[in-house]
Amino acid sequence: MHTSITLLSLLIMMGGLSPALAQPIIAAGQEAQLDIRVAGTHSLRITLKPLSFKAAFPHNPALAEREYPSPGISLRAISRPVRQKVGEMVVEVQPDPLKLIISNAEGQFIQELTFQKDGNVSFRLEDRPVLGLGEGGPKPERGVNWRQLSVEYDRRGRFHQMLPRWQSDAYGSRNPVAMLIGTAGWGLYVATPWVQIDLQQKEQGLFLPFDPQGENRAQQDQQNQGLSQGKGIPPADQLIPGLFDIFVFDAHDPAAMMKDISAISGTAVLPPKWALGYIQSHRTLEDDEQILGIVDSFRSKHIPLDAVIYLGTGFCPQGWNTRQPSFEFNPEVFHRAPRAVISDLHDRHVRVGVHIVPWDRDKLPTLHGSIPSKAGEKMDGAHIKNYWQQHSGLVDSGIDAWWPDEGDWFDLFERIKRHQLYYQGPIYSQPDRRPWSLHRNGHLGIARWGGWVWSGDTQSSWKTLEAQIAVGINHSLSLSPFWGSDIGGFYPNPELTGELYARWFQFGAFCPSFRSHGRTWWTRLPWGWGLSEMGPREVNNTNDFTAEGAANNLPLESELNHPEIERICRTYSELRYSLLPYTYTLTWEAREQGLPLMRAMWLHYPKDKQAVQRGDQYLWGRDLLIAPVFEKGARSRAIYLPEGDWYDWWTNTKENGGQSIQREVDLRLMPIYVRAGAIIPVDPIRQYTDQPVTVPMTIRIYTGADGDFTLYEDDGISLDYLTGSSTQTHFIWKDRSRTLQIKSQGEEEKQRRLRLELLPEGRITEVSYSGQQMELIFE
């Protein structure tokens, strides 16, 4: 039973005024009700709704379905301030204009929201960066050289239109999310309504509801997807004047805030482990012999590979299928039965993904429903179960993964439903396997549907590589923990060189999605820059694939015959695979704690003003600091090391934290630093993620501080982890006593050997571990 604290009861408790003096709360000219309730341990849900709106909350598929407690404060009228503790926060509500001042139990200010009479909502800004707001960045004005602009990491200083769009240049696609991270100690997510956000003022921000009566409000289709008439935002009938649903987070403890965001939007599902390996995209295909030959080249060159993904015809001259949209294999490419070719690929230990484009509105009017279907759902052509059935032939042929492209015309609810489709559909067909899909579009809430997002069709440029660091960090804070970019950039030009590709490959090795893709696609093969020709040539920005159209948009021929690039790519691919135990554990942390793989420095160093401002470096998990090199011909890289001691990954040289340093680099080296006290599991090099090995895992212990690490392991492919089928091995290092404790929980662990390596001294001890608690002293 829902209970609420009415104005009358509050005034009686305070010995206050007569209820007759209270003024009704008004929203959009209507009498309204304000409800404030606990959303999580460190968050509140604030709902302002006209009395004509009868539901408890507005609908938003970005939010997980869950029960919420009754309001701690519920008001329809107010005449004087009301102050009350709600969960772990203290809220003061003031009248005329309606204002909420929120602090935590320790008295730390969190936020101040003012519901203004013009329908906007203001909030407090400080002299600290504001992060998040989804994926992408500003759209450069026509005629401006975007390569000369500063990269936007801190979202302050401009008006955010919050219009989802395709974009190229440095940022790629814009997938806006009204999830703001105030590094001063607050977070705000406006679930309803869709808002534009004004961050131009220094001390005050504004949420401006998007006008549902505007003339550019219509269901879009494939033909007009370049316009902004409703694509990517909630359907017009969901936008109700005066209705607000806002989440406020206490971000003084960033990790606690991320856990609350995860609980509100739905906990992330684990990817199949192979999805953390290297993925090679293809464009124009010759035939099935070429398809197998490329995989054989990876194997003979000993460059690790876990998946291949094929583009559809129409997006290149000759792809895996007949012209998109199509579920039919291309007979010009597959001279043998596709099932046999895919089986041969599986025998080579690679998974296979295909590019999928949805039907236009005439065949797919919308997307709705669930898989399996629920009672009362309309089983028409737009039901996702019926649409999924069209994929059955591909599943039967052995397709493992999905690359849902296009669909930019879908509204927000349809976009989220598409992620649900590519999670529930594969499980319906193959209940024993985890799905994986890679999307152009996304929003907060897709992590529970296993949706990964890539940044779209970026330009190949050094500025793009720099910008993608900030894009990935902000995406990871506010959209989902699973993100990546096209290694090398999508659109080629003379700026695309072996050097740029190598630097991007190094960065990609420390992104959740590790995938090369782009036009002139042979130059996106790890060995492509060592070839004497660049392969199929395609013009940029159109579907004109003629040689004449491509002539001015190609890398320089003089950049080819550069075999050193292949060796660099092999090194970083091997590093990615060696660190898979660490990285796979990060996906579990994303599920259990809501922490992304790619972490803003702020997440672990919120009080360090220099660290908080850095959008050109990031943490890979808690313990590795990654500093991608994004300047052409760089000979050094400026890096800020937070408090504590840090070790150079390549040399084990110790550096003191709390300072900026210059790390010398050559093309072979991307700076990586390891926190003192870190415990890093390192596997022997595999050529694919589930390749059997006989060499034991190495546990690197970086001495100089106490440390701990929980290694997460499961079968990497099934859904059994949802019922607890996994093992967590906890390592605890006590630096003063030089003691390592190991203990496990979960499934019974088999006898295994572990190599324990103390760094920087390099001492190695090999032990046999059976899952029982053990303690080792290093004298």
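Visitor: Which residue stands opposite Ser43 in β18?

Guide: Phe249 stands opposite Ser43. This is a predicted model: local features need pLDDT of at least 70, side-chain atom pairs count only at pLDDT 80 or more, and totals for chains, interfaces and linings use all residues. Residues are numbered from 1 along each chain as its sequence is written; side-chain values use heavy atoms, with hydrogens and water left out. Strands (E, at least two residues) and helices (H or I, at least four) are DSSP runs, numbered from the N terminus.

Visitor: How many bridges pair β4 with β18, and in what sense?

Guide: Start with the general idea. Strands of a sheet pair through backbone hydrogen bonds, either parallel or antiparallel. Here, two strands pair if DSSP finds at least two bridges between them. β4 (residues 43-50) and β18 have 6 bridges, in the antiparallel sense.

Visitor: How many bridges join β15 to β18?

Guide: There are 6 bridges between β15 (residues 186-192) and β18, and these strands run antiparallel.

Visitor: How many residues of β18 are buried?

Guide: Buried means under 20% relative accessible area; exposed is over 50%, and partly exposed lies in between (1.4 Å probe, protein chains only). In β18 (residues 244-250), 7 of the 7 residues are buried, so the strand is largely enclosed by the rest of the structure.

Visitor: Which residues of β18 point one way, and which the other?

Guide: In a regular strand the side chains alternate between the two faces of the sheet. From β18, Phe244, Ile246, Val248 and Asp250 point one way. Asp245, Phe247 and Phe249 point the other way. Both sets are buried.

Visitor: Now whole sheets. In what order do the strands of the sheet from β7 to β13 come?

Guide: Read across the sheet: β7-β8-β9-β10-β11-β17-β16-β13. These 8 strands form an open sheet with antiparallel pairing. β7 (82-86) and β13 are the edge strands, and each pairs on one side only. Inside this order, β9 (residues 98-104) and β10 (residues 109-115) share 6 bridges. Ile102 stands opposite Gln111 in β10.

Visitor: What is the strand order in the sheet that holds β37 and β42?

Guide: The order is β37-β38-β39-β42. Its 4 strands make an open, antiparallel sheet. β37 (707-713) and β42 (774-777) are at the edges with a single partner strand each, so one side of each has no neighbour in the sheet. On average, neighbouring strands of this sheet are turned by 15° against each other, direction ignored. Between β38 (residues 727-734) and β39 (residues 739-746) there are 8 bridges. Gln741 of β39 is the bridge partner of Ile732.

Visitor: Which helix packs on that sheet?

Guide: Helix α12 (residues 580-593) does, touching β37 and β38. Its direction makes about 85° with that of β37. Axes are lines fitted to C-alpha atoms, for helices over the stretch in contact, and angles run from 0 to 180 degrees between N-to-C directions.

Visitor: At what angle do α2 and α12 pack?

Guide: The angle is about 75°, and the axes are 8 Å apart. Helix α2 covers residues 254-265. Angles under 35 degrees count as roughly parallel, over 145 as roughly antiparallel, 65 to 115 as roughly perpendicular and the rest as oblique. α2 and α12 are therefore roughly perpendicular. Ala255, Met258, Lys259 and Ser262 of α2 make the contact with Ala590, Arg591, Glu592 and Gln593 of α12. Contact means heavy atoms within 4.5 Å.

Visitor: How do the axes of α9 and α11 cross?

Guide: They cross at roughly 5° and come within 9 Å. α9 and α11 are therefore roughly parallel. Helix α9 spans residues 498-508 and α11 spans residues 564-578. Residues that meet include Tyr501 and Phe505 in α9, and Ile568 and Tyr572 in α11.

Visitor: Next, single residues. Is Asn175 buried or exposed?

Guide: Asn175 is buried, at 1% relative accessible area. It sits in the loop between β13 (159-160) and β14 (179-182). Its side chain makes a polar contact of 2.7 Å with that of Glu135. The Asn175 side chain also reaches the backbone nitrogen of Gly442 at 3.4 Å. A polar contact is a pair of N or O atoms within 3.5 Å; within protein, one must be able to donate a hydrogen and the other to accept it, and residues adjacent in sequence count only if both atoms are side-chain atoms.

Visitor: Where does Asp683 lie?

Guide: Asp683 is in the loop between β35 (679-682) and β36 (697-702). Asp683 is buried, with a relative accessible area of 12%. Its side chain makes a polar contact with that of Arg686, at 2.6 Å. Beyond its neighbours within four places in sequence, Asp683 contacts Tyr577, Ser578, Pro581 and Met697.
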